[in-house]
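The following note collects points for a colleague reviewing this model.

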Amino acid sequence: MKLINPLLTLAAVLATCATGSHAQDPNARIDPETGTEIIEKIPSPNEQLKNFTLAPGYEVNLYASEVDSPLYNPIGMAFDEQGRLWVITSPTFPHLIPGTNPKDKLLYFEDTDGDGKADKHTIFLDDLLIPTGLALDTDGVYLAQQPNIWFVQDTDGDGKADRKQVVLEGFSVEDSHHATSAFTWGPDGAFYFNEGVFLYTQVETPYGPKRSRDAGVHRFKPSTQRFDVMSHRDYSNPWGMAFDRWGQSVLSDASDGNHYNFAAVISAFNYPEKIIPPASMLKRGRPMAGSVIVSSRQFPDDVQGTHLNNQCIGFQGTRWDRLIEDGSGWRTEALPDLIQSSDPTYRPVASAFGPDGALYILDFCNPRIGHMYFSRKEVNRDHSHGRIWRITAADRPLLKMPKIRGESPERLLELLREPEDHVRHWARRFLQKGDAGEVMPALEKWVAALDKNDPDYAHLLTEALWVYEGRDVTNKALLNQVLALKEPMARAAAVRVIRHWLVAGTITDDEGIKLLAKHIVDENQRVRLEAVTASGFLKSADASELTVYASTLPMDDNMRTSIRQTLKVLAKYGEPTSDLGRRFALKIIPVEELRQLPMDPMVAEAILRRPDCSIAEKERAMQAAMKEKNLSRARILVDAIGNLKADETGAVKTLTPLLLNTDPEDIQRHLLQLTQFASSAPTDEIRHLILAGLTVAEGNMGVASLSGQSARDLYLSLLLIDHEETLNACYQPIRQAMLKYQNDETRRAAFLAIAHIPANRASTFKLLSKNILDATHRNERRFAAIEALNLIPKAEWPEQLKPYVMNAITIKAVPAALLYDQKEIKVRAGQPLKLTFENDDSQDHNLVIGTPGSLQEIGLAAVQMVALPNEEGLRKNYIPELPSVLAGTPIIGKGKSETLTLFAPSTPGDYIFVCTYPGHFGTMNGVLEVLE
């Protein structure tokens, strides 16, 4: 038996990949991240231009490169109000070689003649050590260099830094790839930045220590020096953030390619706990970096507000998605990719719209960018290249950046009417930092003069509120004015301001509750989401009471998880007093605390519905509820089961014996109610329990079959019943009905049900034998019969069926390791297998079975599927269409599982199992040893 080792360098690759690419040299060295031949020579800028494919109607040109500037390994960039493009470079990345000095830089580029190409560069600051983020302000630059964030200034006007001071310190230094990044200004006068997994940060601030562990999103407001951890959850490496014109934002997680509505992942939390994660709104390959939302009249009208994000491994280009308002956030619609390169050294890591309206893309330009397969000392890491590309919409006029620095407050306020986000940002930032004696009177006068009939009135009023917020002025009158607007995006922005005020302590809890009370039940779900999140920063039981009322209105996943997280945090301040509020509190408090509460009907109900309470605990709770409410056992159970929510499905396991051991005559009194519950059950498991109760009550499937449920559900519900007389009464109806079943799922359910029924074993074995031994049947049918056979005690099996013992195997993903929890599995040739893959990792994975020696072929072909158009690779679960692929599960996320049923290969050998998510195959693999 031969174990498979992680792939560091690969000596050969299949002649033709599944994607139809050209034949490769069999002696070529292959990059396991990209599945392409390792390129030792980086193309020149002119050569690289030929490798680009753009969406129709767009053009690309080179803005700057290493040819005429020290643009080596550029990591981040930002435009200032004068149109200069500031860039941080790190030829030192990913680490400093002992005995050498760092030569990383902060420099800026200028296009002085307006031809779309940089003709001047200035080194603002030299001798840096792996800077990872920058945020430009009116009087300097905030610069991340682990473990600090510095504020760097040019005080003498010579264009170079002469003052450098630490403003924040204590950021983790364990991993330069996951360090503080994606610096992005919000409209609130604060900038946001992210940190990835494996890092442990503790920052001392004037407001006390702030901690983040294993990834988070941070916020720093220079005017108050306030630093906060805004989102603390299990991200992988969030290298992208983008705000729209209403201050709503998209957060992009590079490593797993997930994107989130930022409002849904900002929440109060109790460190070191992570927040309850909502579902991703978008997944577009990996790794993703440098989010931006289109806000430029140089681009066509129909793409304004769309989302762009770069992908730098496998597919190397910029994905494009339309954001469509949906519930509390967005749904997305894929647009044609803006740009893609066939050159594997093209590594887009950041994007920004420039003063001319063009999109600028920062190119790390390197054969090596990751650290999953390659040593930090990998000799082919490049340290002397970097590019900036400029994309314009053809035949559309360029824009001109208006003058901002030195302008009057009146002029700056008028610039808040401009469509481009970057123009409004700089006008707003100068207003937020300008002289109070000049800005405040002008701002007050401007707000008073706004025309309520102006189509942009709501947005202009919101812009004014942001100016006040950025100046740390708590203008409650203006806040209430914005909260009363018809425009829901304005109301959402105003509620977000309330949250910031609560975090900063500039308003009291009582004031916060009064401000949030109306909007926790706002007609718009996005506004409600902001209000729920804000209520998590209140410090009273009244906040819990307030929060639960959001649950009385329609909820999407973002809303549902935010309510749960907020109530979880607020539980330490006491329980809500209303029935609605108390029920929610009892649902989410730790089970240890629930057990210690005095028993009353509501506590009893909570115990019955909790998946983490035992049968004995539920029996005691039920007895207490029966006594207190003077109701029958069946009535208590029926009410509890009928009110179960989808996230309480786990309670079915303990409720089943309680219901099925209840007096059938008692259950019969509630048949109508149970049949109604069956039709509205939120999950199959809950529905099956209800149907089982109906069957037990009637003594056969008669009443259950009248509930309108599918035959599949009826049959699977029988697996919960152990009453022989009831089961035996169901045998003949199922056998008679089986003659018409062609559907695989219904036939499987019938097989399982019949095998579970103790009567007529001889007839059952005859039925199963007919379906197992006849090789002309489809495998789905044979496996259904084999699975049913394995429900029967093996001592009863006839001789001819004894070879069909099913081997049930579970394989799990090891969190944060890119490994399976097993490297070797042994099975018998031809043996039926039930192979379950469980993903406990924050990244997506799958499990694919392949022929002996096929690891490299399958893994590299899967990587090349990233480049397939229209996300075809993802739709195919990155499983190549190769003869060497025997079976595979879909790609699944954290907490999900998938099961494969198959016959082990008939020929002994060392087969493989592997994750084909692009880039994972080198370490996440194992051997399926097939024995004779």
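Which side chain meets that of Glu463 in a salt bridge?

1. The partner of Glu463 is Arg428, with an N to O distance of 2.9 Å. The model under review is a predicted one, and this pair links distant parts of its chain: Glu463 belongs to helix 6 (residues 457-470) and Arg428 to helix 4 (residues 421-433), 35 residues apart.

2. Arg390 lies in strand 29, whereas Asp356 sits in the loop between strand 27 (348-353) and strand 28 (359-363); the two are 34 residues apart. Arg390 and Asp356 are both buried.

3. The bridge between Asp301 and Arg396 has its closest N and O atoms 3.9 Å apart; a salt bridge is counted here because the cut-off is 4 Å. Two loops are linked by this pair: Asp301 is in the one between strand 23 (288-293) and strand 24 (307-313), and Arg396 is in the one between strand 29 (387-393) and helix 3 (409-414), with 95 residues separating the partners. Asp301 is exposed, at 63% relative accessibility, while Arg396 is partly exposed, at 30%.

4. For the structure as a whole, the count of salt bridges is 55. Side chains of opposite charge can pair when their charged atoms come close.

5. Among the cysteines, Cys365 is buried, with a relative accessibility of 0%, and Cys613 is buried at 2%.

6. One runs from Gln146 to Pro147, with omega near 5°; Pro147 is in the loop between strand 10 (140-145) and strand 11 (148-153). Another joins Tyr271 and Pro272, with omega about 5°, and Pro272 is placed in the loop between helix 2 (262-265) and strand 22 (282-283).

7. Ala182, not a glycine, has a phi of about 55°; Ala182 is in strand 13 (residues 181-185) and counts as buried because its relative accessibility is 16%. Asn760 likewise has a positive phi of about 55°. Asn760 lies in the loop between helix 25 (744-756) and helix 26 (761-773), and is partly exposed at 37% relative accessibility.

Note on methods
Residues are numbered from 1 along each chain as its sequence is written. This is a predicted model: local features need pLDDT of at least 70, side-chain atom pairs count only at pLDDT 80 or more; totals for chains, interfaces and linings use all residues. Side-chain values use heavy atoms; hydrogens and water are left out. Helices (H or I, at least four residues) and strands (E, at least two) are DSSP runs, numbered from the N terminus. Buried means under 20% relative accessible area, exposed over 50%, partly exposed in between (1.4 Å probe, protein chains only).
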